[in-house]
Amino acid sequence: MLTSPVAKAISRTFGSILIALSGITVIFDKVFPIWQESQTFILGPLVEMLYNWSAEKQNFGFKSPTSFIWSFFQSLTPLVLIFAFFFKPYRISYLIPIYIFSIQLYWVFDPSYQMDNPLLHVYAIGAVIGFIGLVVIINVALHKARKEETGRRELTNLLLDLHLKNKDG
């Protein structure tokens, strides 16, 4: 277990980067065109390798190498999220995949939208705000339930304690 504050911060930052990366990989095929050789993004060589490999192997039953790469990253994303969870990333980093997954969900129903469409981002920001609101509501409800439970326990302990004092006295 990490005890140093610096080591904890590095671990949490690494986990946060993995969380962000898990979100970015889902839309990698739409944001970073894989057919350009000038790609310098960190995953560029991996995507190029997958693209060339799937093209040689007849796309593994997919319509195109792009579809294969999208499916590959869709399968990889949950694994990266689970792995990143063990590093206890900063909670705010989870907003990146939520934002991107909401865009991805929109594309499922209407793939004609481009990444630069402002309504797509308005929808994604609304989904993130809605998610934050849901988390806040759940936290408030849980806090209220814990407080009520603590109050009941204290009242029960007080009543039992008074009963025992009356018997002794």
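1. A residue counts as buried under 20% relative accessible area, as exposed over 50%, and as partly exposed in between, with a 1.4 Å probe and protein chains only. By this scale K88 is exposed, because its relative accessibility is 52%. K88 sits in the loop between α4 (65-85) and α5 (95-109); helices here are DSSP runs of H or I with at least four residues, numbered from the N terminus.

2. The structure is a predicted model, in which local features need pLDDT of at least 70 and side-chain atom pairs count only at pLDDT 80 or more, while totals for chains, interfaces and linings use all residues. Residues are numbered from 1 along each chain as its sequence is written, and side-chain values use heavy atoms, with hydrogens and water left out.

3. K88 also belongs to a patch of positive charge on the surface, together with K8, R12 and R91. Patches consist of residues with over 30% relative accessible area and no salt bridge; like charges are joined within 9 Å, and nonpolar side chains (Val, Leu, Ile, Met, Phe, Trp, Tyr) within 5 Å. Lys and Arg count as positive and Asp and Glu as negative, whereas His and the chain ends are not counted. The place of a charge is taken as NZ of Lys, CZ of Arg, CG of Asp or CD of Glu.

4. A nonpolar patch on the surface is formed by F131, I132, V135, V136 and V140, which together have about 390 Å² of accessible area. Such areas come from the Shrake-Rupley method with a 1.4 Å probe, and for residues only the protein chains shown count as cover. V135 counts as partly exposed because its relative accessibility is 34%.

5. The structure holds 3 salt bridges, each defined as a side-chain nitrogen of Lys or Arg within 4 Å of a carboxyl oxygen of Asp or Glu. Side chains of opposite charge can pair when their charged atoms come close. E148, E149, R152 and R153 are linked in a network of such bridges.

6. E148 is partly exposed because its relative accessible area is 39%.

7. E149 has a further salt bridge with R153, with the closest N and O atoms 3.5 Å apart. These two residues are 4 residues apart in α6, about one turn of the helix. E149 is partly exposed, given its 34% relative accessibility, and R153 is exposed, with a relative accessible area of 54%.

8. Is S22 buried or exposed? S22 counts as buried because its relative accessibility is 0%. S22 is found in helix α1 (residues 5-26). Leaving aside neighbours within four places in sequence, S22 is in contact (heavy atoms within 4.5 Å) with T77, V80, L81, P97 and F101.

9. F62 lies in the loop between α3 (44-56) and α4. F62 is partly exposed, because its relative accessible area is 32%. Not counting residues up to four places away in sequence, F62 touches S67, F68 and S71.
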